[in-house]
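Trainee: Please walk me through how to read a structure, one feature at a time. I would like the general idea each time, and then the case at hand.

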Amino acid sequence: DIIPQPLLDQYLSMTDPARAQTVDTEIAKHCAYSLPGVALTLGRQNWHCLKDTYETLASDVQWKVRRTLAFSIHELAVILGDQLTAADLVPIFNGFLKDLDEVRIGVLKHLYDFLKLLHADKRREYLYQLQEFVVTDNSRNWRFRYELAEQLILILELYNPNDVYDYLRHIALTLCSDKVSEVRWISFRLVVAILQKFYANSANALGLNFINELVVRFRHCSKWVGRQAFAFICQVG
């Protein structure tokens, strides 16, 4: 009753490969772009009408189609709620994490928005995977690493100090030594945010350990760029 059945059938048929050949080669991309709006209109109780179409689009051979879904998966998660997200979106999200950089960037740009919607135990499963974002298909794609540092600053609030120390600290230190100055700059902010996280949660021992690590790694670095990094970290702090 929400959407006329013929109109819904017409929309769902946009994933038919034959239509891409006869109507529009970009038709699957248009379908992917519109899907969150259709899902919002139908409501989560009618998600079953769209589920197969979404899974078909998520495995489309065209990376532009998958990229479109990757950029909006966080919006769809809000529409569907935590149970449907865990059951139907998390597996697709995991697939996007291993996809081409052009697709992964869509997930990365809204990583915090997606992770905050998950239950704590499910969210914790991604701690180890976060470091995989440091590696890209093209090492010159520095904006990817910049985006990672920006997202990590937000993501810090989702994890406890011990998890931050065990997993996110290593990523921050790696990014602080990046070849691109823009990435290093945002990473200095990340390092300071991590320190603030420790001390705000009375994890003083972790904070002191991290400070000592920064001193050894940057303050006493044999290269001037390392010592400069330490000065900038102090400035940001």
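Trainee: Where is Ser 202 found?

Mentor: Ser 202 sits in the loop between helix 11 and helix 12. Helices here are DSSP runs of H or I with at least four residues, strands are E runs of at least two, and both are numbered from the N terminus. Before we go on, this is a predicted model: local features need pLDDT of at least 70, side-chain atom pairs count only at pLDDT 80 or more, and totals for chains, interfaces and linings use all residues. Residues are numbered from 1 along each chain as its sequence is written, and side-chain values use heavy atoms, leaving out hydrogens and water.

Trainee: What is the phi of Ser 202?

Mentor: Ser 202 has a positive phi of about 60°, although it is not a glycine. In the chain, Ser 202 follows helix 11.

Trainee: Is Ser 202 buried or exposed?

Mentor: Relative accessible area decides that: under 20% is buried, over 50% is exposed, and partly exposed lies in between (1.4 Å probe, protein chains only). Ser 202 counts as exposed because its relative accessibility is 63%.

Trainee: How many helices and strands does the protein chain have?

Mentor: The protein chain has 13 helices and 0 strands. Its C-alpha trace spans about 70 × 35 × 25 Å along the principal axes.

Trainee: What span should helix 11 have, and how far apart are its end C-alpha atoms?

Mentor: The expected span is 1.5 Å times one less than the number of residues. Helix 11 (residues 181–200) has 20 residues, so it should span 28 Å; its end C-alpha atoms are 29 Å apart, which agrees.

Trainee: Salt bridges next, please. How many does a search of the whole structure find?

Mentor: A salt bridge needs a side-chain nitrogen of Lys or Arg within 4 Å of a carboxyl oxygen of Asp or Glu. The search finds 10 salt bridges. In one of them, Lys 51 and Asp 88 bring their closest N and O atoms to 3.4 Å. This pair links distant parts of the chain, with Lys 51 in helix 4 (residues 51–58) and Asp 88 in helix 5, 37 residues apart. Lys 51 is partly exposed, with a relative accessible area of 28%, whereas Asp 88 is buried at 11%.

Trainee: What does Arg 169 form a salt bridge with?

Mentor: The partner of Arg 169 is Glu 213, and their closest N and O atoms are 2.6 Å apart. Arg 169 counts as buried because its relative accessibility is 8%, while Glu 213 is partly exposed at 23%.

Trainee: Which ring does Arg 169 lie over?

Mentor: A charge sits over a ring if NZ of Lys or CZ of Arg is within 6 Å of the ring centre and within 35 degrees of the ring normal. Arg 169 lies over the face of Tyr 165, at 4.0 Å from the ring centre.

Trainee: And rings with rings: how many aromatic pairs does the structure hold?

Mentor: Rings of Phe, Tyr and Trp (its six-membered ring) pair if their centres lie within 6.5 Å; planes under 30 degrees apart are stacked, over 60 edge-to-face, and the rest tilted. The structure holds 10 such pairs. Among them, Phe 93 and Tyr 126 are edge-to-face, 5.5 Å centre to centre with 85° between the planes. Phe 93 is in helix 5 (residues 63–97), and Tyr 126 is in the loop between helix 8 (120–124) and helix 9 (142–155), 33 residues apart. Phe 93 is buried at 1%, and Tyr 126 is buried at 4%. Together with Phe 114, these two residues form one aromatic cluster.

Trainee: Last topic: which residues have the most contacts inside the largest nonpolar core?

Mentor: In soluble globular proteins, nonpolar side chains tend to be buried together. A nonpolar core is a set of buried Ala, Val, Leu, Ile, Met, Phe, Trp, Tyr and Cys residues joined through side-chain atoms within 4.5 Å. The largest one has 78 residues, and those with the most contacts inside it are Tyr 54, Phe 96, Leu 111, Tyr 159, Leu 168 and Leu 214. Helix 5 gives the most to this core, with 14 residues.
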